[in-house]
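Biologist: I would like to learn how to read a model like this one. Please take me through some features, general idea before case.

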Amino acid sequence: MPKKKATKKKSSRSYAPPTYTPAEKRRAKTIYNKLLELYPDAHCALIHKNPWELLVATILSAQCTDVLVNKVTPDLFRAYPTPQATAKADLEDIRNLVNKVNFWQNKAKSIHNAAKMVVTDFNGAVPTSMDELIKLPGVARKTANVVLGNAFNINHGVVVDTHIARLSHRYNFTKHKDPKKIEQDLMALFPRDTWTMLAHLLIYHGRQVCKSRHALCDQSPLCTKYCSNAKIVATERANKTKKKAVKKKATKKKAKIKIS
Ligand code: SF4
């Protein structure tokens with residue numbers, strides 16, 4: 001039997017983002033500015049007082065709402081306010097304090113081990129580089145970007161969560177589904193000093209208007225102008241209203257015939 005040729009899987013590491021045209025960059029900038037007008041106070045929704053608290057909150061927020069994380073963290077930070085205190089804590093106690101979020105067992109373990117590593121390898125301070133942050137248990141690129149951008153004002157990359165991925169498609173910023181490729185595309189399209197705020201703006205718009213289901217496409221002038229989906233949704237809604245009106249008319253006509 002002939003041997004199958006080994007096919008190389010294209011990794012997102014070797015991915016090169018497209019070269020966006022000046023017009024595409026201008027369009028992206030306009031959308032960014034409009035979003036900034038809509039959400040001037042957009043900020044990280046995870047309540048924190050320092051880089052360590054943000055790191056812990058972000059680890060807890062994986063596949064969990066920020067609202068729930070914010071309910072859990074006050075007790076956790078009261079009991080263990082620093083990496084040193086967390087490193088010395090009993091894992092069982094951390095588990096009990098975070099057991100309302102999903103995957104709490106793994107997350108508690110990650111927080112405990114991350115605290116130990118911060119104490120032993122980083123002198124008790126949350127590291128400030130991507131390479132160091134992703135060495136911590138429970139920390140991947142997305143979490144590291146959140147911490148770098150919001151705790152240290154470092155625009156190393158763009159956070160890509162489900163809202164950002166969805167909106168990046170709808171506004172035609174990217175054609176990819178892989179978060180790493182979406183991030184590369186956004187980094188190529190938007191100026192570096194906007195990356196952290198861009199993520200907040202897209203998350204705000206994703207939560208309030210461009211929801212995953214039942215997006216409120218006709219409620220935002222930004223959408224009607226820049227997202228092709230708005231036109232599709234508007235046509236679908238108009239067709240539905242038309243159909244309803246026709247049905248109503250027919251029912252009324254039938255009722256009239258019955259009476260006479
Ligand atoms: S038009 Fe609709 S789908 Fe497009 S960005 Fe706006 S809310 Fe989202």
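Biologist: Where is Asn153 placed?

Modeller: Helices here are DSSP runs of H or I with at least four residues, and strands are runs of E with at least two, numbered from the N terminus. Asn153 sits in the loop between helix 8 (141-151) and helix 9 (162-170). Keep in mind that this is a predicted model: local features need pLDDT of at least 70, side-chain atom pairs count only at pLDDT 80 or more, and totals for chains, interfaces and linings use all residues. Residues are numbered from 1 along each chain as its sequence is written.

Biologist: What is the phi of Asn153?

Modeller: Most residues other than glycine have a negative phi. Asn153 is not a glycine, yet its phi is positive, about 55 degrees. Asn172 lies in the loop between helix 9 and helix 10 (179-189).

Biologist: Is Asn153 buried or exposed, and why?

Modeller: Count C-beta atoms, placed from the backbone: 20 or more others within 10 Å means buried, 12 or fewer means exposed, and in between means partly exposed. Asn153 is exposed because it has 9 other C-beta atoms within 10 Å. Asn172 has 15 such neighbours inside 10 Å, so it counts as partly exposed. Lys177, found in the loop between helix 9 and helix 10, has 9 and therefore counts as exposed.

Biologist: How far apart in space are Asn153 and Arg213?

Modeller: Asn153 and Arg213 are 60 residues apart in sequence and 33 Å apart in space. For Lys177 and Lys142, the values are 35 residues and 15 Å. Glu132 and His163 are 31 residues apart along the chain, with their C-alpha atoms separated by 27 Å.

Biologist: Which residues does Glu132 touch?

Modeller: Two residues are in contact if their C-beta atoms, placed from the backbone, lie within 7 Å. Leaving out residues up to four places away in sequence, Glu132 touches Phe122 and Pro127. Glu132 is found in helix 7 (residues 130-133). It has 16 C-beta neighbours inside 10 Å, so it counts as partly exposed.

Biologist: Which residues touch the most other members of the largest nonpolar core?

Modeller: A nonpolar core is a set of buried Ala, Val, Leu, Ile, Met, Phe, Trp, Tyr and Cys residues joined through C-beta atoms within 7 Å. The largest one has 56 residues, and Leu55, Leu60, Val98, Ala114, Val147, Leu198 and Ala199 touch the most other members. Helix 2 (residues 51-60) gives the most to this core, with seven residues. Domain bounds come from an automatic or database domain assignment. Domain 1 (51-151) and domain 2 (221-259) both give residues to the core, so it lies between them. The C-alpha centres of the two domains lie 50 Å apart. Take Val147: not counting residues up to four places away in sequence, its contacts are Pro51, Leu54, Leu55, Thr58, Val126 and Leu133.

Biologist: What surrounds the ligand?

Modeller: A residue counts as near a molecule if its C-beta atom, placed from the backbone, lies within 6 Å of it. The ligand is surrounded by Arg170, Tyr171, Val209, Cys210, Ala215, Leu216, Cys217, Ser220, Cys223, Cys227, Asn229 and Ala230.
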